[in-house]
Structures are given as C-alpha cells and as structure tokens.
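Let's take a walk through a protein model together. Keep the picture open while you read, and find each residue as it comes up.

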Amino acid sequence: MLTDFFTKNLDIVFGIYGLSFVVMGIVILIQIQKRKDSSFKLSRVIGMLAGFGLSHGLNEWLEMFAIIKGYHSEIFNLIQLMVLALSYIFLFEFGRRLILLSSPKFLNKWVTVAFSLLVLMLIVTLKYEKSIWPRYFLGFPGGILSAAGFILYYKSEESILKPLNIYRFFFTSAAAIFVYSLLGGIIVSKADFFPASVINTDSFKNLFGFPVQVSRAVCSVI
C-alpha cells in the first residue's frame with residue numbers, strides 16, 4: 001500500500017520535502033537579484049521567506065541523513081535543532097514584516113526577539129522533546145502571520161495586482177502556508193503535556209494512516 005511505502009521510506013519523503021524548500025529559497029533569491037529595483041513592496045521582505053526555505057530545507061535533509069545513517073549524536077541533534085529554530089525565526093519574521101506592509105502599526109520587531117529568546121530558554125531548561133518549542137512558538141504563529149500577510153498585502157495592493165490576474169497565487173500561497181503551520185507547528189512529537197500528549201505525529205498517523213511528514217511535503221511543494 002502507498003501508506004506503507006511512505007512509512008518505510010521516510011528518507012525519500014524528507015528528501016523531497018527538503019528539496020522543495022531549498023528550490024523555493026533559491027528561486028526567490030534569483031528573483032531578488034533580477035529585480036533589485038522592483039516597485040512591489042513585497043520585494044522588501046521576501047528575502048526572509050528565502051531564508052526560511054533554505055534553512056528549513058537543510059533541516060529536512062539533516063533529518064533524512066539521520067534516518068539513512070542512524071546518526072543521532074548529541075552534537076548532531078543540537079545542530080539540527082538550531083537549524084530548525086533558525087528556519088522558523090525566518091518564517092516568523094517574514095510573516096511579521098509582510099503584515100507590516102499593509103498594517104504599519106502591527107507587531108514590533110522585538111516580538112520576534114522575545115519569542116526567539118523564549119524558545120531558546122525552553123530548549124535549555126526543559127527536558128521534553130526539544131523540537132516542540134520552535135514549532136509551537138515560532139513555526140505555528142509564523143505560518144499564521146505569513147498566511148494572513150499574503151491576503152492583507154493583496155488587498156492593500158489590489159488596484160495594482162488585480163489587473164495582473166495573480167490572486168490565485170496569493171491565495172494558494174496563503175492556504176499552503178496556513179495548512180503547513182498546523183501540520184508543522186501543532187502536530188509535533190509526542191510528549192507528556194497537552195496538547196502534545198493528544199495532538200502529535202503518532203495520533204496523526206493513527207488517524208490518517210500515513211506520517212504527517214507526507215502532508216508537510218505536499219504543502220512545501222505547493
């Protein structure tokens with residue numbers, strides 16, 4: 001069965017997952033270089049999304065390497081955890097800056113700093129599955145901010161963007177990032193506290209019959 005294939009070949013899933021994010025990051029960087037004088041305000045903040053794509057893709061490739069090689073030393077795990085946290089910092093900051101383009105009085109930059117320091121403190125002090133904290137406090141809200149930001153940006157620039165007939169791209173991006181924020185930010189490794197004790201990767205697999213990483217990969221491709 002297809003679900004058995006995904007379960008037994010998670011390395012392939014992580015490979016595709018990581019590649020799609022890396023490609024996204026590279027394409028955005030190429031566009032930034034080609035359109036340095038772009039009049040679209042989105043060009044001022046899109047670099048943060050490129051940073052998320054490149055760093056998060058690297059995180060998934062590290063996970064793929066760990067699966068293939070069975071490599072889980074403390075140093076390796078720490079490196080992977082820091083890359084994961086960095087990727088979600090990029091996502092959170094992208095979402096914050098994107099909303100600022102249409103709502104100038106929105107969250108101050110120190111909010112990103114505060115959430116990042118909170119995640120670092122939780123990683124250092126708590127013994128639970130440490131990858132939970134970047135997902136809960138940066139990945140989930142960062143995805144929500146980014147999804148809302150795409151819609152708000154389009155609405156604020158509708159007079160310019162509507163004639164280009166690109167609403168579907170903004171909507172698709174917002175929808176994919178929103179769903180990803182749930183799959184990647186809420187459905188985490190199982191732990192002994194709520195909500196991770198109820199909503200986690202194990203419960204997702206039991207409910208749907210395949211690993212959550214498959215659905216995350218689909219979102220990343222979109």
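**Charges, rings and a core**

Searching the whole structure turns up three salt bridges. Before we visit them, keep in mind that this is a predicted model. The mean pLDDT of the chain is 89, with 95% of its residues at 70 or more. Among the elements of the chain, helix 6 has the highest mean pLDDT (95), while helix 1 (residues 2-8) has the lowest (60).

Back to those charged pairs. One of them brings together the side chains of K41 and E157, with 3.1 Å from N to O. This pair ties together distant parts of the chain: K41 is in the loop between helix 2 and helix 3, E157 is in the loop between helix 6 and helix 7 (158-161), and 116 residues separate them. Is E157 buried or exposed? With a relative accessibility of 13%, E157 counts as buried.

Now find E93, which forms a salt bridge with R96, their closest N and O atoms lying 2.7 Å apart. The side chain of E93 also meets that of R97 in a salt bridge, again described by an N to O distance of 2.7 Å. Why are these residues separated by about one helical turn? For R96 and E93, it is because they sit three residues apart in helix 4. E93 and R97 are four residues apart in helix 4, so about one helical turn separates them too. Salt bridges with shared partners join E93, R96 and R97 into one network. As for accessibility, E93 is buried at 8%, R96 is buried at 5%, and R97 is partly exposed at 30%.

Next, let's look at the rings. The count of aromatic pairs comes to 18. One of them is F21 with Y180, an edge-to-face pair with 5.7 Å from centre to centre and 70° between the planes. Here too, distant parts of the chain are linked: F21 belongs to helix 2 (residues 10-34) and Y180 to helix 8 (residues 167-185), 159 residues apart. F21 is buried, because its relative accessible area of 5% is under the 20% cut-off. Y180 is buried as well, with a relative accessible area of 5%.

For another kind of ring pair, go to F208 and F210. Their ring centres are 6.3 Å apart and their planes meet at 45°, so this pair counts as tilted. F208 is partly exposed, at 46% relative accessible area, and F210 is partly exposed at 22%. Elsewhere, ring pairs connect F94, F150, Y153, Y154, Y167, F170 and F171 into a cluster.

Helix 2, with 25 residues, reaches 36 Å from its first C-alpha to its last, close to the 36 Å expected at 1.5 Å a residue. Helix 8 has 19 residues and should span 27 Å at 1.5 Å a residue; its end C-alpha atoms are 26 Å apart, which agrees. Among the buried residues of helix 8 are F170, A174, I177 and Y180.

So where do the nonpolar residues gather? In soluble globular proteins, nonpolar side chains tend to be buried together. The largest nonpolar core in this model has 50 residues, and L49, F94, L98, I132, W133, F150 and F170 touch the most other members. Helix 2, helix 3, helix 4 (74-100), helix 5 (110-125), helix 6 (132-156), helix 8 and helix 10 (212-221) each supply at least two residues of this core. Helix 6 gives the most, with nine residues. Zoom in on I132: setting aside neighbours within four places in sequence, I132 is in contact with V188, S189, A191, F193 and A196.

N59 is buried, at 3% relative accessibility. Not counting residues up to four places away in sequence, N59 touches Q80, V83 and L84. I67 also lies in helix 3, but I67 counts as partly exposed at 36% relative accessibility. Which residues does I67 contact, leaving aside its neighbours within four places in sequence? They are L10, D11 and F14. As a last stop, pick out I67 and L183: these two are 116 residues apart in sequence and 20 Å apart in space, C-alpha to C-alpha.

Methods. Residues numbered from 1 in each chain as written. Predicted model: local features only at pLDDT ≥ 70, side-chain atom pairs only at ≥ 80, totals over all residues. Heavy atoms only, no water. Phe/Tyr/Trp six-rings, centres within 6.5 Å; stacked < 30°, edge-to-face > 60°. Buried < 20%, exposed > 50% of the residue type's maximum accessible area, 1.4 Å probe, protein only. Contact = heavy atoms within 4.5 Å. Expected span 1.5 Å × (residues − 1). Core = buried A, V, L, I, M, F, W, Y, C linked by side-chain atoms within 4.5 Å. pLDDT = per-residue confidence, 0-100. Salt bridge = Lys/Arg side-chain N within 4 Å of Asp/Glu carboxyl O.
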